[in-house]
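Please walk through this protein with the model open beside you.

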Amino acid sequence: MVGGRQANLRDPSVTRSNPANLQFLREDALMINVQPWYGQTDFDGVNGTSDSMIQPWKPLGSLYAVMPVNEDVTFGFGITAPFGIAISWPRDGAFRYSAPYDAVLQTAAINPAVGIKISDAVNFGVGLDIFYSRLKLDQAYPWAAALGVPAADGDMTFEGDGWGLGAYAGFTIQLAEHHRLAITGRLPVTVDYEGDFTISNMPAALRGLYSSRSDFKSQIEHPASIGVGYGVDLSDKLTFGLDYEWIQNSAHTSLPLNVGKNQALLPVSGLDLEWRDSYTIGGGFEYKLTPAWMLRAGYMFSKSPLRDRTFTPSIPTNDRHLFSIGTGYTFGKNTIDFAYSFVPMETRHVRT
């Protein structure tokens, strides 16, 4: 139920999404998620060039654990992959000199959290965002253009990792019988990346001026956000929810590329992003078919933060419509859930 979760969710994943809802979990619980994603992007240029992404499958997953301490306090712990990019174009394709043919941003979030009962009508939760992130960019380098004479292309690799720290909190308020309001907020998390820059096939004439390896530094600020959710029990079997989230993607102004003594080899000192703030909005429902079986569905619209003038093939996205369906089966203290999400994106015409 992708669009109606914040006020209604009652499983251990609330550790990250809304820790105030930890108070609805009254027994120790462990939750393991496996999420394979498939995504395909095709490009057609006005000059007749075309290209298609390779390696469209992306494996993801998460783990959560919950432990109530007493009637008023519940602890939660989660390990997730909340943000990431894994885009691969053919190395000798249309973007080999203008953008990375491989762009990988992997982020693992460690989330300790606690839910506290303030009153019979108000629950509060707070947690930490402990990020470990790895960034790797691979791009072809035209030595012929740099020298002005024929030369074989090289490969540039920017690779680094780093840690970041943030926090988040949430309230879930019982407005009236069967009506709930959830409010969540996250602070930004800044990750400073340090690692290595390497470049291959360097012509002999340049080896005294530059090196095949140098230090690499960069920085990414993962955005702050504010969310509001409303949930209502329409009957003993049917629950409905609405969610809205504002995301401060304007924090992504640029991706600096500092490669030390090799800096003069780069045409720019970073990737200009200039993203704009974005939002998501949607609704979802859950229906109790039998005491053991649950049915769920949802819809969410996600506004793209990318502008045409700074569009990059490394993040080829557009406004998204997310449709989800799912079912859950409970036997004893065990539950198995299955969900399918379909995310169509409209064709985007980019003019820079």
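Leu-105 is buried because its relative accessibility is 12%, and the cut-off for buried is under 20%. This is a predicted model, so read every value here as computed from predicted coordinates. Leu-105 sits in strand E7, which covers residues 102–117. What does Leu-105 touch, beyond residues up to four places away in sequence? Its contacts are Phe-83, Gly-84, Ile-85, Ser-133, Arg-134, Leu-135, Tyr-193 and Ile-220. For a distance to find on screen, take Asp-161. It is 56 residues from Leu-105 along the chain, and the two C-alpha atoms are 9.5 Å apart.

Now look at the strands that pair with E7. Strand E5, residues 73–80, runs antiparallel to E7 and is joined to it by eight bridges. Find Phe-77 there; Pro-112 of E7 stands opposite. Strand E6, residues 84–88, also pairs with E7 in the antiparallel sense, over five bridges. Here Ala-86 has Val-104 of E7 as its bridge partner. E8 is another antiparallel partner of E7, with 14 bridges between them. Four residues link E7 to E8 in a hairpin. In a regular strand, side chains alternate between the two faces of the sheet.

Move on to Asn-123. It belongs to strand E8, residues 122–141. Is Asn-123 buried or exposed? Asn-123 is buried, because its relative accessible area is 9%. Beyond its sequence neighbours up to four places away, Asn-123 touches residues including Ala-20, Gln-23 and Phe-24. Ile-116, Lys-117 and Ile-118 are also among its contacts. Ala-29 gives another distance to check. It lies 94 residues from Asn-123 along the chain, with 19 Å between the C-alpha atoms.

Gln-23 lies in the loop between H1 and strand E1 (29–38). Gln-23 counts as buried because its relative accessible area is 7%. Which side chain makes a polar contact with the side chain of Gln-23? That of Thr-74 does, at 2.8 Å. Leaving aside neighbours within four places in sequence, Gln-23 contacts Glu-71, Asp-72, Val-73, Thr-74, Gly-115, Ile-116, Lys-117 and Asn-123.

Asn-8 is buried because its relative accessible area is 7%. The side chain of Asn-8 reaches the backbone oxygen of Phe-240 at 3.3 Å. Outside its sequence neighbours up to four places away, Asn-8 touches Met-1, Asn-21, Arg-180, Gly-231, Val-232, Thr-239, Phe-240 and Gly-241.

Next come some backbone angles. Most residues other than glycine have a negative phi. His-178 has a phi near 75°, a positive value in a residue other than glycine. Where is His-178 found? It is in the loop between strand E9 (154–176) and strand E10 (179–186). At 34% relative accessibility, His-178 is partly exposed. Asn-201 is not a glycine, yet its phi is positive at about 60°. Asn-201 is in the loop between strand E11 (189–199) and strand E12 (213–222).

Another positive phi sits in a hairpin. Strand E19, residues 320–331, and strand E20, residues 334–342, run antiparallel and are joined by nine bridges. Phe-331 stands opposite Asn-334 in E20. Two residues lie between E19 and E20 in this hairpin, and Gly-332 in the turn has a positive phi of about 65°.

Finally, step back to the whole chain. Its secondary structure comes to two helices and 20 strands. The C-alpha trace spans about 75 × 40 × 35 Å along its principal axes. Of the 352 residues, 39% count as buried. Among contacts with a separation of 6 or more, 66% come from residues 24 or more positions apart. The accessible surface of the chain is about 18400 Å², and 59% of it belongs to carbon and sulfur atoms. The chain carries 27 positive and 35 negative charges, whose mean positions are 1 Å apart.

Note on methods
Residues are numbered from 1 along each chain as its sequence is written. This is a predicted model: local features need pLDDT of at least 70, side-chain atom pairs count only at pLDDT 80 or more; totals for chains, interfaces and linings use all residues. Side-chain values use heavy atoms; hydrogens and water are left out. Buried means under 20% relative accessible area, exposed over 50%, partly exposed in between (1.4 Å probe, protein chains only). Contact means heavy atoms within 4.5 Å. A polar contact is a pair of N or O atoms within 3.5 Å; within protein, one must be able to donate a hydrogen and the other to accept it, and residues adjacent in sequence count only if both atoms are side-chain atoms. Accessible areas come from the Shrake-Rupley method with a 1.4 Å probe; for residues, only the protein chains shown count as cover. Lys and Arg count as positive and Asp and Glu as negative; His and the chain ends are not counted. The place of a charge is taken as NZ of Lys, CZ of Arg, CG of Asp or CD of Glu. Two strands pair if DSSP finds at least two bridges between them.
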